[in-house]
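Colleague: Before I plan around this protein, could we go through what its coordinates say about charged pairs, cavities and backbone geometry?

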Amino acid sequence: MSASLKDKIVFVTGASAGIGAATAMEFARHGAKLLLCARRIDRLQAMEAELRNAGASDIFNFVLDVRSRDAVHTTLANLPEAWRSIDVLVNNAGLSRGLAKLYQDDIEDWEEMIDTNVKGLLYVIRAIVPGMVERNHGHIINLGSIAGHAAYPNGGVYCATKAAERFLSDGLRIDLNGTAVRVTSIDPGMVETDFSKIRFHGDEERAAKTYQNIDPLQPEDIADAIVWAATRPPHVSIQTVVLTPTAQANPFIITRRS
Ligand code: 8X3
């Protein structure tokens, strides 16, 4: 039997677009209370009415750049009392920047990926998980990638950040063993979001080619897996979900329609 999400506090980072926004919507449909952060508060505010109409029982939006250690610490330590007992944390904020040979790559791009995907993830975990342990209740769902399972050409640093996420999820699960707190890593392949546009620094034409002649995963497919993991009964820990488009076997084997 699946567990109910009604009135559960679900915190989604990077909730203003893509997988984060679709995840917020799917939790809204299940009647959750949504604690949403992103760098772009205007986008979160624009989503609010739709999320409420879909069934969100309450919403609290705030600005947060997970790269800022101080901002993560201060903002999360000062959440309104009613929003502190987080049931589900979805660590979605993350990005890729650039696709170039490691020995020629832009160091600024590395900093942004490592600061967001690895250090930002750690800062949020460090701020939220102690409360879950204290309450002996909670579920951490981290967004990984098939990029964390095998490095691919020109993506070494992005892949390394997602390999880090995978090992941090494993390490956290080990350290939480003996508590009721669960850890899931959701590891998608190709998903049609702004991911490629951001990777290619806004080059829409190049980004569009990524998704040409293939049926990529949609953000809703990932949201569906996240909510499925979150609704398993308490004795079931979904450790990792790897999902790809049917036409993608792994980062290297993709069949496109001719
Ligand atoms: C997104 C999947 O394979 O494009 O993390 O890196 S991939």
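Modeller: A salt bridge here is a side-chain nitrogen of Lys or Arg within 4 Å of a carboxyl oxygen of Asp or Glu, and please keep in mind that this is a predicted model.

Colleague: Which residue forms a salt bridge with Arg 257?

Modeller: The closest N and O atoms of the pair are 3.5 Å apart, which falls within the 4 Å that the rule asks for. The pair links distant parts of the chain, 42 residues apart, with Arg 257 in the segment after strand 7 (240–243) and its partner in the loop between helix 7 and helix 8 (219–230).

Colleague: Is Glu 112, which meets Arg 97 in a salt bridge, buried or exposed?

Modeller: The side chains of Glu 112 and Arg 97 meet at 2.9 Å, N to O. Because Glu 112 lies in helix 4 (residues 107–135) and Arg 97 in the loop between strand 4 (88–91) and helix 4, the pair ties together parts that are 15 residues apart in sequence. Arg 97 is buried at a relative accessible area of 17%, and since Glu 112 has 15% relative accessibility, against a limit of under 20%, Glu 112 also counts as buried.

Colleague: What is the volume of the largest cavity?

Modeller: The structure holds 2 cavities of 30 Å³ or more. Of the 14 residues that line the largest cavity, the closest to its centre are Asn 91, Ala 93, Thr 116, Asn 117 and Leu 121, and the lining divides by class into 5 nonpolar, 7 polar and 2 charged residues. The volume of this largest cavity is about 90 Å³.

Colleague: Which element gives the largest share of the lining of the second largest cavity?

Modeller: The second largest cavity has a volume of about 30 Å³, and its lining residues include Arg 97, Met 113, Asn 154 and Tyr 158. By class, this lining has 3 nonpolar, 4 polar and 2 charged residues. The largest share, 3 residues, comes from helix 5.

Colleague: What is the phi of Asn 154 near?

Modeller: Most residues other than glycine have a negative phi. Asn 154 lies in the loop between strand 5 (139–143) and helix 5, and is partly exposed, with a relative accessible area of 31%. Its phi is positive although the residue is not glycine, with a value near 70°.

Colleague: Where does His 201 lie?

Modeller: His 201 is another residue other than glycine with a positive phi, near 50°. Its place is the loop between helix 6 (195–199) and helix 7 (204–210).

Colleague: What is the relative accessible area of Ser 169?

Modeller: Ser 169 belongs to helix 5 (residues 156–176). Leaving aside neighbours within four places in sequence, Ser 169 is in contact with Asn 142, Val 183 and Ser 185. Ser 169 is buried, and its relative accessible area is 0%.

Methods. Residues are numbered from 1 along each chain as its sequence is written. This is a predicted model: local features need pLDDT of at least 70, side-chain atom pairs count only at pLDDT 80 or more; totals for chains, interfaces and linings use all residues. Side-chain values use heavy atoms; hydrogens and water are left out. Helices (H or I, at least four residues) and strands (E, at least two) are DSSP runs, numbered from the N terminus. Buried means under 20% relative accessible area, exposed over 50%, partly exposed in between (1.4 Å probe, protein chains only). Contact means heavy atoms within 4.5 Å. On a 1 Å grid over the protein atoms alone, a cavity is a set of points where a 1.4 Å probe fits but cannot get out, and a pocket is an open set with protein on both sides within 12 Å along at least five of seven lines; lining residues have an atom within 4 Å of a point. Grid points are joined across faces, edges and corners, and a volume is the space filled by probe spheres set on the points. Ala, Val, Leu, Ile, Met, Phe, Trp, Tyr, Cys and Pro count as nonpolar, Asp, Glu, Lys and Arg as charged, and the others, Gly among them, as polar.
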